[in-house]
Amino acid sequence: MTRRNQTVISQFFLLGLPISPEDQHLFYALFLAMYLTTIMGNLIIILLIQLDSRLHTPMYLFLSNLSFADFCFSSVTMPKLLQNMQSQDSSISYAGCLTQLYFFLFFGDLGNFLLVAMAYDRYVAICSPLHYTSIMSPKLCVGLVVFSWVLTTFHAMLHTLLMARLSFCEDRVIPHYFCDMSTLLKLACSDTHDNELAIVILGGPIVVLPFLLIIVSYARIVSSIFKVPSSQGISKAFSTCGSHLSVVSLFYGTVIGLYLCPSADNSPAKETVMSLMYTMVTPMLNPFIYSLRNRDMKGALERVVFKKQISSFL
């Protein structure tokens, strides 16, 4: 049973952001600056970890993968958004839309699992420092990274294939700036029960469970630090954990609110703005929160720059 006239869809039209025409140039400059900051911040982290052997540790293995995931996650949506803000043509092909959906889910999920691995790494380092080397063995670390890549591949493929089975109506306007899964489901004419069931069933292990594991890890870290009270240690713990958890809460809060617990009061404009939080803001903040404030990363940057300066004089 169809809701509207069913037709073969070759392309969609992205409505974009709820921005007035006179403010387009201002927001274009803002989003371009945020995107370039995201790209530069994550590329610097990846290069420093590759160039400095002192950073070849489990934590930085996870961090380099997270930076790559954030780099790609932001690049899935931002270039198209920036292009549409400067162009009169906001179309995206049907194949392009499904491709964007796949990589959006893939890199979003990948970053999600890597955040869990990083939280567990910090938990072991702080709560069981004497056993850190034996627990966080190279085999376990590589296994966690490979598991994250494999699981996200299947999850993204499942939702993309389920979406490809749907028939869409004559209404081809997507009230969003990218091919969002929940928005596409509202445009479908065919039965979306399987898609919605997959979102609910997989939402727990893919989104909620990792979020809870991160919260538990940081709770144990804070509890462990309080057992050996030190004003400097407690201050550092709250500074580190607080900044990490603020970004984690921003990411998971918007994702859970949009996909697992959607509100009937959410307008398309409100959902679009909420999506900006986890597609644009968190990939930009992660390099600053997780690494560029880190003493090891600052040391690596100084060594790389110093080495380059020396080589230029020789």
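**Exercise 1. Salt bridges**

Find how many salt bridges the structure holds, and describe each pair.

*Step 1.* Apply the rule: a side-chain nitrogen of Lys or Arg must lie within 4 Å of a carboxyl oxygen of Asp or Glu. The count comes to two salt bridges. Keep in mind that this is a predicted model, where local features need pLDDT of at least 70, side-chain atom pairs count only at pLDDT 80 or more, and totals for chains, interfaces and linings use all residues. Residues are numbered from 1 along each chain as its sequence is written, and side-chain values use heavy atoms, with hydrogens and water left out.

*Step 2.* Take Asp 121 and Arg 122, whose side chains meet at 2.6 Å, N to O. For accessibility, buried means under 20% relative accessible area, exposed over 50%, and partly exposed in between (1.4 Å probe, protein chains only). Asp 121 is buried at 0%, while Arg 122 is partly exposed at 26%.

*Step 3.* Now turn to Asp 194 and Arg 165, with an N to O distance of 3.8 Å. Asp 194 sits in helix α7 (residues 193-227) and Arg 165 in the loop between α5 (138-164) and β3 (173-174), so this pair ties together parts that are 29 residues apart in sequence. Helices (H or I, at least four residues) and strands (E, at least two) are DSSP runs, numbered from the N terminus. Asp 194 is partly exposed at 38%; Arg 165 is exposed at 55%.

**Exercise 2. Helix α7**

Work out how the span of α7 relates to the expected value, and locate its bend.

*Step 1.* The expected span is 1.5 Å times one less than the number of residues. With 35 residues, α7 reaches 50 Å from its first C-alpha to its last, close to the expected 51 Å.

*Step 2.* Compare with the record: the unreviewed UniProt entry lists several spans as "transmembrane region", including 197-216. Over residues 197-216 the chain is 100% helix and 0% strand, with its end C-alpha atoms 28 Å apart.

**Exercise 3. A nonpolar patch**

Identify which helices each supply at least two residues of the nonpolar patch.

*Step 1.* Name the members: Met 40, Ile 44, Leu 301 and Val 305 form this surface patch.

*Step 2.* Assign them: α1 (24-51) and α10 (295-313) each supply at least two. Ile 44, for one, lies in α1 and is partly exposed at 32%.

Notes: Patch = residues over 30% accessible without salt bridge, like charges linked within 9 Å, V, L, I, M, F, W, Y side chains within 5 Å. Areas by Shrake-Rupley, 256 points an atom, 1.4 Å probe, with all protein chains shown as cover. UniProt positions renumbered as here; feature names shortened; annotations may be inferred. Bend = angle between axes of the 7 residues up to and from the residue.
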